[in-house]
Number of protein chains: 2
Amino acid sequence: MTTRPRASTEEVYARVRADVLGGVYAPGERLKSTPLCETYGASVSVIRETLSRLTEQGLVESEPRIGFRVRQVSVDDLRHLTSARIDVESLALRYAIERGDMNWESEVVAAHHRMERTPMLTADAPPRVSDEWETAHSGFHGALLEGAQNPWLLGIATTLRDAGEFYRRWSQVHEPGRDVAGEHREILEATLARDADRAVRALAQHYQHTADILERALAERDVAQNS
Amino acid sequence: MTTRPRASTEEVYARVRADVLGGVYAPGERLKSTPLCETYGASVSVIRETLSRLTEQGLVESEPRIGFRVRQVSVDDLRHLTSARIDVESLALRYAIERGDMNWESEVVAAHHRMERTPMLTADAPPRVSDEWETAHSGFHGALLEGAQNPWLLGIATTLRDAGEFYRRWSQVHEPGRDVAGEHREILEATLARDADRAVRALAQHYQHTADILERALAERDVAQNS
DNA sequence: AAACAAGAGATATTCGAAAATCTCTGAATA
DNA sequence: TATTCAGAGATTTTCGAATATCTCTTGTTT
């Protein structure tokens with residue numbers, strides 16, 4: 001089995017994207033081509049293509065003739081994003097609960113299990129949310145919506161999730177008292193019980209809770225910056 | 001007042017995008033760089049950047065190392081698209097009706113007036129839907145959603161609208177008996193009356209009606225191709 | 001005849017230099 | 001002192017040639 005070598009552009013694109021999403025660059029930070037070329041070992045065309053793709057996704061902002069920068073964050077934007085995300089994912093979850101078959105259910109259960117068995121925090125000091133858990137978490141929410149069987153809806157949900165990821169990774173907050181596992185269990189149970197109202201309520205609360213924590217962190221950061 | 005000369009990339013991008021959306025290239029048609037370079041008078045990097053941006057939007061499909069092609073269409077895809085579009089726009093319209101201020105109302109009325117006063121069909125034989133009307137039509141639906149004041153939601157709606165535009169322009173069907181103006185008036189009236197349920201119902205019917213016509217045209221085209 | 005291999009041509013991709021544009025500094029002017 | 005201007009340096013943008021890859025034809029082998 002030969003592993004077809006990926007096109008360089010694809011690889012560089014994936015790495016830059018992961019780095020932007022992973023908080024390697026600060027919101028609003030300029031992304032100059034020359035340094036990026038060195039960092040990722042690619043030529044200016046490849047970097048440029050990557051950045052314009054990310055711009056199209058809203059992860060990067062571009063001003064023609066001036067340059068690219070990581071997208072800005074703000075409390076207002078976070079609120080809009082959260083609202084849109086809750087609305088769209090609720091929609092998709094309802095479809096999934098209505099239409100999802102046994103195979104979908106199994107995938108959801110599997111994804112949930114994977115997430116539960118992945119350690120959430122790293123051994124660092126202070127502890128960070130581990131990349132593995134983030135992936136598993138994303139996988140669980142993705143699996144839930146998969147049942148809606150509408151590629152357009154899924155695509156939209158993914159875009160919004162990525163934008164949310166950006167906020168989350170950047171702030172790297174975590175609330176000690178929060179029972180995230182419990183929130184997920186509630187979503188899972190309601191979904192398997194095919195109780196759409198209850199599942200959607202749980203999902204919305206889950207996202208709203210996260211957003212509230214992020215918003216507080218964001219506000220604190222702004223205060224710190226202005227002083 | 002100096003008109004800042006747009007970056008060439010931006011101009012080429014806009015032209016290619018308009019052409020893809022406008023049905024100049026058939027769904028599934030390959031978009032080879034060399035011919036495109038000549039057509040638009042740009043170098044391969046500029047064309048490539050344009051195509052990868054359009055790929056990110058879902059208007060163009062790309063297979064690494066093989067090339068770009070105009071996105072495929074299918075009855076299934078149209079159904080998914082329509083469903084997502086109705087759901088998302090309904091959401092946005094509800095917010096708009098709930099939150100929109102007097103200024104928004106005025107914009108909606110203005111956009112509607114503009115559309116009503118623009119001739120829908122060209123003088124060609126057979127008559128086509130005029131570009132001016134398409135623009136005005138798009139403007140009306142855009143103005144409606146503007147009141148939701150959520151950039152994320154608006155962005156999503158725009159993406160879906162563009163994809164729909166692609167289907168519409170490509171098939172260029174029009175139903176002689178259909179009272180499009182009446183459908184729009186109903187949406188407008190219900191919106192101004194702040195009757196969300198009625199407005200959303202009218203909007204959904206409007207899109208579903210269009211989709212049904214397109215679906216029929218699409219099915220006929222497939223039959224014609226397979227024979 | 002079918003399957004495979006080699007090679008020519010077509011095409012996508014990558015590169016780095018050339019050109020265009022922007023930004024910032026410091027001197028000249030009002 | 002504030003404003004304007006010129007120019008050096010930094011940066012983005014564009015270009016077309018060089019390279020890598022794919023595709024299709026033709027010929028060879030089984």
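At what angle do helix H5 (residues 102-117) of chain A and helix H8 (residues 180-192) of chain A pack, and how far apart are their axes? The first legend answers this; every view is taken from a predicted model.

**View 1. Packing of H5(A) with H8(A).** Helix H5 (residues 102-117) and helix H8 (residues 180-192) of chain A pack at an angle of about 170°, and their axes are 11 Å apart. The two helices are therefore roughly antiparallel to each other, since angles over 145 degrees count as such. H5(A) contributes A:Glu105, A:Val108, A:His112, A:Met115 and A:Glu116, which meet A:Ala181, A:His184, A:Leu188, A:Thr191 and A:Leu192 of H8(A). By class, this contact has five nonpolar, three polar and two charged residues.

**View 2. The surface near DNA strand D.** DNA strand D is surrounded by 20 residues, and A:Ser33, A:Gly67, B:Ser8, B:Thr9 and B:Ser43 are the closest. Two or more residues come from each of helix H2 (33-40) and helix H3 (44-57) of chain A, and from each of helix H1 (8-21) and helix H3 (44-57) of chain B. Eight of the residues of this surface are nonpolar, eight are polar and four are charged.

**View 3. The surface near DNA strand C.** Around DNA strand C there are 20 residues, the closest being A:Ser8, A:Thr9, A:Ser43, A:Ser45 and B:Gly67. The elements giving two or more residues here are helix H1 (8-21) and H3 of chain A, together with H2 and H3 of chain B. The residues of this surface divide into eight nonpolar, eight polar and four charged.

**View 4. Helix H3 of chain B and its packing.** The 14 residues of H3(B) should span 20 Å at 1.5 Å a residue, and the end C-alpha atoms are 20 Å apart, which agrees. Buried in H3(B) are B:Val46, B:Ile47, B:Arg48, B:Glu49, B:Thr50, B:Leu51, B:Ser52, B:Arg53 and B:Leu54. Within chain B, these buried residues pack against H1, strand E1 (30-31), helix H2 (33-40), strand E2 (60-63) and strand E3 (67-70); they also pack against H3 of chain A. Just after H3(B), B:Gly58 has a positive phi of about 85°.

**View 5. The contact between chain A and chain B.** Chain A gives 23 residues to the contact and chain B gives 23 residues. On the side of chain A that touches chain B, the elements with two or more residues are H3, helix H4 (75-99) and helix H7 (151-171). H3(A) gives the most to this side, with seven residues. The residues of the side of chain A divide into ten nonpolar, six polar and seven charged.

**View 6. H4(A) against H7(B).** H4(A) and helix H7 (residues 151-171) of chain B pack at an angle of about 50°, with their axes 7 Å apart. That angle makes H4(A) oblique to H7(B). A:His80, A:Leu81 and A:Ala84 of H4(A) meet B:Pro151, B:Trp152 and B:Leu153 of H7(B). The contact has five nonpolar residues, one polar residue and no charged residues.

**View 7. The loop between H5 and H6 in each chain.** A:Pro126 is found in the loop between H5 and helix H6 (131-146) of chain A, and the peptide bond from A:Ala125 to A:Pro126 is cis, with omega near 0°. B:Pro126 is in the loop between H5 and H6 of chain B, where the peptide bond from B:Ala125 to B:Pro126 is cis, with omega near -5°. B:Val129 is also found in the loop between H5 and H6 of chain B. B:Val129 counts as partly exposed, with 17 C-beta neighbours inside 10 Å. Beyond its neighbours within four places in sequence, B:Val129 is in contact with B:Met120, B:Leu121, B:Glu134, B:Gln172 and B:His174. The C-alpha atoms of B:Val129 and B:Arg168 are 9.9 Å apart, while the two residues are 39 residues apart in sequence.

**View 8. Positive phi at A:Arg65 and A:Gln149.** A:Arg65, a residue other than glycine, has a positive phi near 75°. A:Arg65 is placed in the loop between strand E2 (60-63) and strand E3 (67-70) of chain A and is exposed, with 11 other C-beta atoms within 10 Å. A:Gln149 is not a glycine but has a positive phi of about 60°. A:Gln149 lies in the loop between H6 and H7 of chain A and counts as partly exposed, with 16 C-beta neighbours inside 10 Å.

Technical notes:
Residues are numbered from 1 along each chain as its sequence is written. Chains are lettered from A and ligands numbered from 1 in the order in which they are written. This is a predicted model: local features need pLDDT of at least 70, side-chain atom pairs count only at pLDDT 80 or more; totals for chains, interfaces and linings use all residues. A residue is near a molecule or strand if its C-beta atom, placed from the backbone, lies within 6 Å of it. Helices (H or I, at least four residues) and strands (E, at least two) are DSSP runs, numbered from the N terminus. Ala, Val, Leu, Ile, Met, Phe, Trp, Tyr, Cys and Pro count as nonpolar, Asp, Glu, Lys and Arg as charged, and the others, Gly among them, as polar. The expected span of a helix is 1.5 Å times one less than its number of residues. A residue is buried if 20 or more other C-beta atoms lie within 10 Å of its own, exposed if 12 or fewer, and partly exposed in between; C-beta atoms are placed from the backbone. Two residues are in contact if their C-beta atoms, placed from the backbone, lie within 7 Å. Axes are lines fitted to C-alpha atoms, for helices over the stretch in contact, and angles run from 0 to 180 degrees between N-to-C directions. Angles under 35 degrees count as roughly parallel, over 145 as roughly antiparallel, 65 to 115 as roughly perpendicular and the rest as oblique.
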